[in-house]
Amino acid sequence: MAVLTNGAYFLIMAGMSAQYSPMVNLIGVASHMVSNAISWYTVPRFGRRTMVLLSISLDILGCASMGIPACFLSQATQWYVGAALLIFGFFNSLGIPSAVPVIASEISTVRLRAKTAGIGFGAQCIGAWVFSFYTPYLYKTDQVNWKGKIGFFFAALGAVGYVISWLTVPETKGRSFLDLDFLFGEKVKARAFRKTAVSSIDNDVDNPKEDGKESF
């Protein structure tokens, strides 16, 4: 996202004419809006974890396809870097921006939801600031001068993010907060949330314990 934020400037550093880079950037903004609208259907339909992993996978391909042509100097490759940036932005908006806030609000326990969400989004803001500040130094011609080859860097980060997400992000689609508390309490692996049955706790809410406290 740090590259998308300064998309027009990045494309200029990658070799595209200043005449066309704003146009390509605006096309990217429009495609993000379309992709985000599509995610309103795909995230509830296919699940949060599924769309996050799919989005990251497609992002990795988009970033790699940006880095490969950047290794060659020609007018065509400069346009392909721009196209790859659009593809990356479209795939990114297809799952991550829509699914992550939903997951963040669902996986935290009810009692600690406000604190958990606050800490999580606070950490996200700090990370976003760090990347937004330092990423331009990676592709600026008078600094590291990676230009479009920065796609390899983000493809590698995406691969790491995919592994971490696959191991830690559970599927919360169709689960109640009681279901999720039970699954976390039983230390069910994130990738097994979708298939694990929780019918044994269906009646807990309607059956208070002897001390008068409900079982959560």
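**Close-up views of the predicted model**

View A. Val130 is partly exposed, at a relative accessible area of 33% (partly exposed lies between buried, under 20%, and exposed, over 50%, with a 1.4 Å probe and protein chains only). The model is predicted, with local features requiring pLDDT of at least 70 and side-chain atom pairs pLDDT 80 or more, while totals for chains, interfaces and linings use all residues. Residues are numbered from 1 along each chain as its sequence is written, and side-chain values use heavy atoms, leaving out hydrogens and water. Val130 belongs to helix H6 (helices are DSSP runs of H or I of at least four residues, numbered from the N terminus).

**View B. The nonpolar surface patch.** Ile126, Trp129, Val130, Phe131, Phe133, Tyr134, Tyr137 and Leu157 make up this patch, and together they have about 800 Å² of accessible area. Patch members have over 30% relative accessible area and no salt bridge, and nonpolar side chains (Val, Leu, Ile, Met, Phe, Trp, Tyr) are joined within 5 Å. A salt bridge places a side-chain nitrogen of Lys or Arg within 4 Å of a carboxyl oxygen of Asp or Glu. Areas come from the Shrake-Rupley method with a 1.4 Å probe, and for residues only the protein chains shown count as cover. Helix H6 (residues 113-139) gives the most to the patch, with 7 residues.

View C. Leu85 lies in helix H5 and is buried, at a relative accessible area of 5%. Beyond residues up to four places away in sequence, Leu85 touches Val3, Leu4, Gly7, Phe10, Leu11 and Met66 (contact means heavy atoms within 4.5 Å). Val43, 42 residues apart from Leu85 along the chain, has its C-alpha atom 23 Å from that of Leu85.

**View D. Helix H8 and the residue after it.** In helix H8 (residues 177-185), the buried residues are Leu178, Asp179, Leu180 and Leu183. Helix H5 (75-107) is included in what covers them. Lys187 lies in the segment after H8 and, although not a glycine, has a positive phi of about 55°. Lys187 is exposed, with 71% relative accessible area.

**View E. Asn145 between two helices.** Asn145 is located in the loop between H6 and helix H7 (150-168). Its phi is near 65°, a positive value in a residue other than glycine. The relative accessibility of Asn145 is 31%, and the residue therefore counts as partly exposed.

View F. An unreviewed UniProt entry lists residues 50-73, 79-104, 116-138 and 150-169 as "transmembrane region"; positions follow the numbering used here, feature names are shortened, and annotations may be inferred rather than shown by experiment. Residues 50-73 are 88% helix and 0% strand, with end C-alpha atoms 37 Å apart. Residues 79-104 are 100% helix and 0% strand, with end C-alpha atoms 37 Å apart.

Terms used: Patches are made of residues with over 30% relative accessible area and no salt bridge: like charges are joined within 9 Å, nonpolar side chains (Val, Leu, Ile, Met, Phe, Trp, Tyr) within 5 Å.
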